[in-house]
Amino acid sequence: MTATSQRSLGQADFSVEVGRRCADMLGGIVPDILADAMAEGMARFWERRAATIEDARPRPGDFVGKATPSELAERFQRLTSTALQCRRHAQLLRTDGLPPHIHDEIADVLTETRAA
């Protein structure tokens, strides 16, 4: 074996070891990362996000600090628009996304992953 091939082998061993250590350290959060990624592909994730954004819109009686009426109106419009985009994304996932039975299976996996 040449010095170059020994160095390459050593680097490969090092890379594998680093990969193993990272996997060990991240092992507990990898299911969460996968669960989050899967959830973002589901329509109900985007519906809940839209509802959360709508709840953040300014309402009469809210403390507004030094915000002007025009700033509040702009914020209301911006949040309403963002919520609409989320709902459109959800609709797109429903019509062009995965078949409905797959959504149920993903929901089951997410529930099991979160419980573990």
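View 1. Val109 is partly exposed, with a relative accessible area of 37%, where partly exposed lies between buried (under 20% relative accessible area) and exposed (over 50%), judged with a 1.4 Å probe and protein chains only. Val109 belongs to helix 5, which covers residues 100–115, and helices here are DSSP runs of H or I with at least four residues, whereas strands are runs of E with at least two, numbered from the N terminus. Together with Leu34 and Met38, Val109 makes a nonpolar surface patch of about 230 Å²; such patches take residues with over 30% relative accessible area and no salt bridge, and join nonpolar side chains (Val, Leu, Ile, Met, Phe, Trp, Tyr) within 5 Å. A salt bridge is a side-chain nitrogen of Lys or Arg within 4 Å of a carboxyl oxygen of Asp or Glu. This is a predicted model, in which local features need pLDDT of at least 70 and side-chain atom pairs count only at pLDDT 80 or more, while totals for chains, interfaces and linings use all residues. Residues are numbered from 1 along each chain as its sequence is written, and side-chain values use heavy atoms, with hydrogens and water left out.

**View 2. Ala39 in helix 2.** Ala39 lies in helix 2, residues 30–40, and counts as buried because its relative accessibility is 11%.

**View 3. The largest nonpolar core.** This core has 11 residues in all, among them Ala39, Phe45, Trp46, Ile53, Leu79, Cys86 and Leu93; a nonpolar core is a set of buried Ala, Val, Leu, Ile, Met, Phe, Trp, Tyr and Cys residues joined through side-chain atoms within 4.5 Å. Two or more residues of the core come from each of helix 3 (43–55) and helix 4 (69–96).

View 4. Where pLDDT is low, the predicted coordinates should not be read in detail.

Methods: Patch = residues over 30% accessible without salt bridge, like charges linked within 9 Å, V, L, I, M, F, W, Y side chains within 5 Å. Areas by Shrake-Rupley, 256 points an atom, 1.4 Å probe, with all protein chains shown as cover.
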